[in-house]
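Reader: I'd like to learn how to read the features of a model like this one. Could you walk me through it?

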Amino acid sequence: QVQLVESGGGLVQPGGSLRLSCAASGSIFSIYAMGWYRQAPGKQRDLVALITSVDSTNYADSVKGRFTISRDSAKNTVNLQMNSLKPEDTAVYYCNADVRTAYGRRYTIWGQGTQVTVSS
């Protein structure tokens, strides 16, 4: 079984910064991609940023230039550095991973979510 554990959410003032981290553990053979999604109340869950196993990245237009995704393949972790935060960044942030297990199964897993609130 593979699981994701997130950390780093919280309350921050507009213009501030937060760093989210996500660690994958379990019977992992390989990770094809890891990313962050977010869901605000009453809205759908949307992609924030994604990084692949060859370090190709993709960002939502709303966070380009402010957020940076990075990964540590040796530790199976992904981080999201969020700078210049805005109130509209307030949401529950979910870590996501596309993995193949040691038993050959490939599937997408989600973390439990971490709340990010940007408010003065």
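This is a predicted model: local features need pLDDT of at least 70, side-chain atom pairs count only at pLDDT 80 or more; totals for chains, interfaces and linings use all residues.

Author: Gladly! The largest nonpolar core has 32 residues, and M34, W36, L80, M82 and Y93 have the most contacts inside it. Strand β9, residues 91–101, gives the most to this core, with five residues.

Reader: Let me pick M82. Where does M82 lie, and in which strand?

Author: M82 lies in strand β8, which covers residues 77–82. Its relative accessible area is 0%, so M82 counts as buried, the limit being under 20%.

Reader: Which residues does M82 touch, leaving aside those up to four places away in sequence?

Author: M82 touches G16, S17, L18, L20, R66, F67, Y93 and V116. For a sense of distance, M82 and G26 are 56 residues apart in sequence and 27 Å apart in space, C-alpha to C-alpha.

Reader: Back to β9. In which sense do β9 and β10 pair, and over how many bridges?

Author: The two strands, β9 and β10, pair in the antiparallel sense over five bridges. A97 stands opposite I109 in β10. The hairpin has four residues between the strands, and there G104 takes a positive phi near 95 degrees.

Reader: Why do D55 and N76 count as partly exposed?

Author: D55 counts as partly exposed because its relative accessibility is 47%, between the limits of 20% and 50%. N76 is partly exposed because its relative accessible area is 23%.

Reader: Finally, how do I look for pockets?

Author: Rolling a probe the size of a water molecule over the atoms shows where empty space is left. In this model, the largest pocket holds about 210 Å³ of space. β4 and β5 are the elements that give two or more residues to its lining. Among the lining residues are R38, Q39, D46 and L47, and the lining divides into four nonpolar, four polar and four charged residues.

Methods: Residues are numbered from 1 along each chain as its sequence is written. Side-chain values use heavy atoms; hydrogens and water are left out. A nonpolar core is a set of buried Ala, Val, Leu, Ile, Met, Phe, Trp, Tyr and Cys residues joined through side-chain atoms within 4.5 Å. Buried means under 20% relative accessible area, exposed over 50%, partly exposed in between (1.4 Å probe, protein chains only). Two strands pair if DSSP finds at least two bridges between them. On a 1 Å grid over the protein atoms alone, a cavity is a set of points where a 1.4 Å probe fits but cannot get out, and a pocket is an open set with protein on both sides within 12 Å along at least five of seven lines; lining residues have an atom within 4 Å of a point. Grid points are joined across faces, edges and corners, and a volume is the space filled by probe spheres set on the points. Ala, Val, Leu, Ile, Met, Phe, Trp, Tyr, Cys and Pro count as nonpolar, Asp, Glu, Lys and Arg as charged, and the others, Gly among them, as polar. Contact means heavy atoms within 4.5 Å.
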